[in-house]
Amino acid sequence: MQTRPLGTTGPRVSALGLGCMGMSALYGEADRAESIATIHAALEAGVTLLDTGDFYAMGHNEMLIGEALRATPAALREQALTSVKFGALRDPDGGWSGYDGRPAAVRNFAAYSLQRLGVDHIDVYRIARLDPNVPIEETVGAIAELVEKGHVRHIGLSEVGAETIRRAAATAPIADLQIEYSLISRGIEDEVLPTTRELGIGITAYGVLSRGLISGHFTADRQLAPTDFRSMSPRFQGENLQHNLSLVEALRKIAEQKGVSVAQIAIAWVLSRGEDIVPLVGARTRERLTEALGALDVTLDDADLAAIEQAVPADAAAGDRYPAAQMSHLGTDR
């Protein structure tokens, strides 16, 4: 497995990370045994970065990862790096109530995550979204205190803009920014990516297949459960969906010419954007994981990249990444 630096202050990690959210929440029913088997298969394949959030199914995802790690051979378990997002407030009905970045809350969230994961430290810790009522300096400062005490190894950020990144980096060393980045979500290219590169901050890119939209497996007639995030996502609605799937078909032609899958060429495109970018793949099954890992063997030359750009230009997608109410929590980068 290839590795990449997680910024100048963070560790080297596998070229692909495993985003585990879908194993617990937001994308329909998942099979627990298959989820654990997929985590094990990822670790065995050399994947080291496991990404989660303490609010994914109210702690379920952390406990799932903890269970998988306990059943993993010691050598592989020691190589596993945990990336945890915190701060989202939930209620018993699954509702969302904002974000809490107060220092006392940071310490509280971390204590619970360490217990659920069954680890003595978290490798990368970050607030999931900026708390508009708490300066980022206070939130990052609290994580820095956890680093000093050995509970956290590295400080991360998630879905924040260039100004916030600079303020955070002036407070403490920032290893990584987690943010959506894919062929059809390229908003970071204008300001965020130049800023992280200037400051030596790595990128873990989530949504590289845009929640399955550009995986090559999603069809217009697919029925989504009301609890599936995509049933409310603008990009999966009506004419937006039809337009976006037409982009996928254009991409499919290029993939077929190279003898690879749509998902593989979409992931390979993200990999091609720089050594400082680590794509997170949201595979929920070993089959999808195997397909995603195949992207590591895909080489895109200048002609390939030009063809992909023509098929799926920047800003070609129809619809926002999130429903309007959630877009307001994405800082300055939409």
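The model is predicted. Helix H4 packs with helix H5, their axes coming within 8 Å. Helix H8 packs with helix H11, their axes lying 9 Å apart. A search of the whole structure also turns up 1 cavity of 30 Å³ or more.

**Helices H4 and H5**

- Two packed helices are described by the angle between their axes and the distance between the axes.
- H4 spans residues 103–117, and H5 spans residues 136–148.
- Their axes cross at roughly 45 degrees. That angle makes H4 oblique to H5.
- The crossing of H4 past H5 is right-handed.
- On the H4 side, the contact uses Pro103, Val106, Arg107 and Ala110.
- On the H5 side, the contact uses Glu138, Thr139, Ala142, Ile143, Glu145 and Leu146.
- By type, the residues of this contact are 6 nonpolar, 1 polar and 3 charged.

**Arg116, a residue of H4**

- Arg116 sits in helix H4.
- Which residues does Arg116 touch, leaving aside its neighbours within four places in sequence? Its contacts are Asp54, Gly59, Glu62, Met63 and Gly66.
- Take Gly59, one of those contacts. Arg116 and Gly59 are 57 residues apart in sequence. In space, the pair is 7.2 Å apart, C-alpha to C-alpha.

**Helices H8 and H11**

- H8 covers residues 238–258, and H11 covers residues 302–311.
- The two helices pack at an angle of about 160 degrees. An angle over 145 degrees counts as roughly antiparallel, so H8 is roughly antiparallel to H11.
- H8 and H11 cross in a right-handed way.
- H8 brings Leu247, Ala250, Leu251, Ile254 and Lys258 to the contact.
- H11 brings Asp304, Ala307, Ile308 and Ala311.
- Sorted by type, the contact residues are 7 nonpolar, no polar and 2 charged.

**The cavity**

- How much space lies in the largest cavity? The answer is about 30 Å³.
- Its lining consists of Leu183, Ile184, Ile214, Leu247, Val248, Leu251 and Val312.
- The lining divides into 7 nonpolar residues, no polar and no charged.
- Leu247 and Leu251 line this cavity, and Leu247 and Leu251 also belong to the H8 side of the contact with H11.

Technical notes. Residues are numbered from 1 along each chain as its sequence is written. This is a predicted model: local features need pLDDT of at least 70, side-chain atom pairs count only at pLDDT 80 or more; totals for chains, interfaces and linings use all residues. Side-chain values use heavy atoms; hydrogens and water are left out. Axes are lines fitted to C-alpha atoms, for helices over the stretch in contact, and angles run from 0 to 180 degrees between N-to-C directions. Helices (H or I, at least four residues) and strands (E, at least two) are DSSP runs, numbered from the N terminus. Angles under 35 degrees count as roughly parallel, over 145 as roughly antiparallel, 65 to 115 as roughly perpendicular and the rest as oblique. A crossing is left-handed if the near helix is turned anticlockwise from the far one by less than a right angle, and right-handed if clockwise. Contact means heavy atoms within 4.5 Å. Ala, Val, Leu, Ile, Met, Phe, Trp, Tyr, Cys and Pro count as nonpolar, Asp, Glu, Lys and Arg as charged, and the others, Gly among them, as polar. On a 1 Å grid over the protein atoms alone, a cavity is a set of points where a 1.4 Å probe fits but cannot get out, and a pocket is an open set with protein on both sides within 12 Å along at least five of seven lines; lining residues have an atom within 4 Å of a point. Grid points are joined across faces, edges and corners, and a volume is the space filled by probe spheres set on the points.
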